[in-house]
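Here's a quick walk through a multi-chain model, one chain at a time and then where two of them meet. Have the structure open while you read.

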Amino acid sequence: MCGAFSFFDAAGKGEVNMYDVVIIGAGVSGSAIARELSRYDANVCVLEKAEDVCCGTSKANSAIIHAGYDCEPGSLMAKLNVEGNAMMTELARDLDVPFERIGSLVVCTDEAARGGLEELLEKGKKNGVPDLRIIERDELVKMEPNISDEAVAALYAPSAGIVCPFTLNIALAENANVNGVEFRFNTEVFAIRKMGDHFELETGNGTIESKCVVNAAGVYADVFHNMLSSHPIHITPRKGEYYLLDKSAGAHVHHTIFMLPTKMGKGILVSPTVHGNLLVGPTATDQEDREGNNTTREGLADVAAKSALTVKNVPLRSVITSFAGLRAHEDHHEFIIREVPDCEGFIDVAGIESPGLSSCPAIGKMAADIVEKKYGFAKKEHFIATRKGVLNPAKLSMEERNELIRKSPAYGNIICRCETISEGEILDAIHRPLGAKSLDGIKRRTRAGMGRCQAGFCSPRVMEILAREVPGVTMENVTKAGGASKLIVGIDKDAYDTMPENAERAAKSAD
Amino acid sequence: MEHYNIVIIGGGPAGLAAAAAAKKAGEDSILILERDQELGGILNQCIHNGFGLHTFKEELTGPEYAGRFITEVKDLGIEYRLNTMVLSISSDRIVTAMNRTDGMFQVKAQAVILAMGCRERPRGALNIPGYRPAGIYTAGTAQRLVNIEGFMPGKEVVILGSGDIGLIMARRMTLEGAKVKVVAELMPYSGGLKRNIVQCLDDFGIPLKLSHTVVDIEGKERVTGVTIAAVDAQNRPIPGTEEHYSCDTLLLSVGLIPENELSLSAGVALSPRHKGPVVNESLETNVPGIFACGNVLHVHDLVDYVSEEATNAGRNAAAFVRRDGKDDAALPAVEIVPGDGIGYTVPETVRPKIMNDLFTVRFRVRGVYRDHFISVYFDGERVQHRKKQIVAPGEMEQVILQKKDLAAHKDLKKITICLEEA
Amino acid sequence: MKRTLTCIGCPMGCQVTVDYEGETINSVVGNTCPRGDIYARKEVTHPTRIVTTTVRVHGGVIPQVSVKTASDIPKEKMFAVVQDLRCVDVNAPVAMGDVVLENAAGTGVSVIATKNVPKK
């Protein structure tokens, strides 16, 4: 029954009729579940409407591994956050994911509100967060010289960390794929029907059947849930807007700085990233549009204004880009991870908003356990637990680097000057399991185009490499991020045929 | 480790002119490191004409202008390596670079000339809200696609920024068959040359909207439209003035930034005013033996001035090597400061003892001024006073100082350049 | 007939108004210096432009070669010249100054390469 393995995405379309498990969504939750399920002898497929993994909520968030003190004690969120946080060290090591436990500070800027820190400390203790303590201004200023002059004290959580959210998502998916999970991209699910002991999923790439469906669809999770359950859930896309600052600003703070909510509002975070940039955000605006990840003038102004509440002199002149992400906010602000009571075999992984990224190792385990217990899959004999990321030559000595270039000269050809990314790394990103097919795919795997010039220099070069290396991709159809995001509309002078006014102009000019 | 007397970072117009000048000044051990597959730098994609009127007294295209210097460099037998990216420069002038054939290698230099040019400001630096679809390009990236690769990045185009590259691309895209709908400029004046406004926009009936900016970008996958609005005196969009343009492409021509990451790795101090290294009259930075010229030093309006400046840098670097790197930090220096109406000056200091008889200070003004005087003060005394009918930030200005004048002025501390009303 | 032009001589951008009848100029006003007069007279009677564009190269180290009209052509012929170049492609090597198209769009002016493109 497992004879239909395809190690790569949709290539084998049509050959598989019945999966054991279909996971909807290749975000960080779906990919974590896929990896956990790949420990078993089961026929698992991940369906993703985008052209790549990590294209929704997982690509645009705070990149924080929360300690877990602000979740409601006793909630599933609290449990999975603290568990997920603890699992992250090993997971990051096994899967070669940039992760640093830099610690977080919740900064109190109003003496009268100090009680809030005590409450958080108590919650954190109840949730089992290790090593939490309240620090006074003197110590705080030593730890963070740029902390606001208003800061009076802070809750210090040394177990909090920062992670590369792209690499985490990609690594989980790659490892799942290497262990036999199939990924089908550009495969949007339009309808799900329960057919006795199995499900039929109607997709943009034909009908797919599966015994079990895991709903890890992010801001769409309620849509799929409500197709099958008479007890509807409701998810609100909650927009968060961010500024990303140049690496020259990366050392402005050394911990993730949150603001203790006051009468004046909730504040935003200021944090270094694992790549040495500074991240400021997010806002929180509820909306209807599940694809509406546009930034707004008001939102960005809000981020700029609030950055100053906890940190002095944030160098906003060094902004290199802004972006917005959508959190999948469930009405009760709680993770829903369970078999839907009135639909056997349909497992919800819904309402995965912050601290979803922090919790993802535990979410993956919990959801996979539910599935495994129900279907009793056998453990795989040869599960491959580790994965090596795209080689980072910057970490090599000059001798090692020269050896590498001798063997593979592409590593001597720098394509992205801002982040110093070579052609070798880009080829690696293309040719590895679930490899990149678009500019954004390359960017998220290698950081090419993520630097201060924001791909102005390298994009034509990366487009050429994609056109050369990826079957079916040409300069004229290469995309930024799949779908209709084509980068080129034709060749020079082409439009003389297609745009009538050009023909007119040319004819007039020829008279 | 290899050793060259002069290593030049960048084989564009600045690097080429510096190399040729150093060679002609008698220096034989020169190496140019160029990251692209050919010499010439950005001029290779500037296929329009209008280059070289000052230098060659004729109008050349970018590739032709570059071609003259490339030929000269080759004829002079100057060494160069292509497809070579410089990764860092140390303050003791060890250059670390990389390419496919040599791998990662280091070169020790007596003198380094920084000639890396500049890069375009991206969208992120402007905080334009909206989506982040395909179809947003800096004008220079679009120029490379159209002129080097032969591909059209869009058919219906809105351009933000009326810098010369944006204007030139409005014409290029139009001639290649695209429809350029509007050029929006945040400032109340264009940063581009008048000639480009007439020949790139007016010739094709493309409207230029001054004091306007893009306030929204639509399209989740590919750009489908942008909204522009008028701005007030503080550059804030004025509600109610929004106009929507359907288009598949937004080109950005919103400023150039000298590309100084390598300079910083060597400990070179940068000017907050022109974003390039702080230099003295020899175009030498605060790090002895490291020189800078061209757009890495400050963004120029005409390539002719780049060549002229780079020629000086090349000569001075050769002289520095001849002096065997003798530290001339002890020589007294006079400060040159931008006064009223002046954005920056290059250089920032001059050492009267070793300056040339005639010496050019280049600068840009802060706004458009009509009927003003460009004045030069030696400490409190006005020594030059020249009337200009118009000055604008888009055009570089210069004053020429004479060694004998500086020498005649006892205990000179500060030279101020300023604009004065008539 | 009156036409107002923006002079391109300097950043002033004088609005120069020309009163003319066919080839005959009656008056030029609004210019601040003689350059404005010269520019305006030519621009209303015989406006010309250099056209620069690119053509495909086969077998070269780069896929296109930049080209220009060897001298200026009547302004209204710009699109016709580009249209004429649509079907032109050349084989490497190309040398700067090589003629890629003679008598472009009937202007009597050749289009020439502005760059060397060696063989791959």
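A residue counts as buried if 20 or more other C-beta atoms lie within 10 Å of its own. Keep in mind that this is a predicted model. By that cut-off, 39% of the 120 residues in chain C are buried.

Let's stay with chain C. Its two helices and ten strands run in the order β-β-β-α-β-β-β-β-α-β-β-β along the sequence. With a radius of gyration of 19 Å, well over the 14 Å that the globule rule gives for 120 residues, chain C is more spread out than a compact globule. Some values for this chain:

| Chain C property | Value |
|---|---|
| C-alpha trace span along the principal axes | about 55 × 30 × 15 Å |
| Radius of gyration | 19 Å |
| Contacts joining residues at least 24 apart, among those at least 6 apart in sequence | 49% |

Now for the cores. The largest nonpolar core has 156 residues, and B:I6, B:A18 and B:I113 touch the most other members. Beyond its neighbours within four places in sequence, B:I6 is in contact with residues including B:A22, B:I30, B:A111, B:I113 and B:V321. Another core lies apart from that one, with 127 residues, among them A:I24, A:V28, A:A154 and A:L309.

So where do chains A and B meet? The contact takes 43 residues from chain B and 47 residues from chain A. On the chain B side, α4(B) gives the most, with six residues. That side divides into 17 nonpolar, twelve polar and 14 charged residues. There's strand pairing too: β23 of chain A (residues 490-491) and β11(B) pair in the antiparallel sense over two bridges, with B:F151 as the bridge partner of A:I491.

Notes: Residues numbered from 1 in each chain as written. Chains lettered and ligands numbered in written order. Predicted model: local features only at pLDDT ≥ 70, side-chain atom pairs only at ≥ 80, totals over all residues. Core = buried A, V, L, I, M, F, W, Y, C linked by C-beta atoms within 7 Å. Buried ≥ 20, exposed ≤ 12 C-beta atoms within 10 Å, placed from the backbone. Contact = placed C-beta atoms within 7 Å. Helix = DSSP H or I, 4+ residues; strand = E, 2+ residues; numbered from the N terminus. Rg over C-alpha atoms; globule rule 2.2 N^0.38 Å. Nonpolar A, V, L, I, M, F, W, Y, C, P; charged D, E, K, R; others polar. Pairing = 2+ DSSP bridges.
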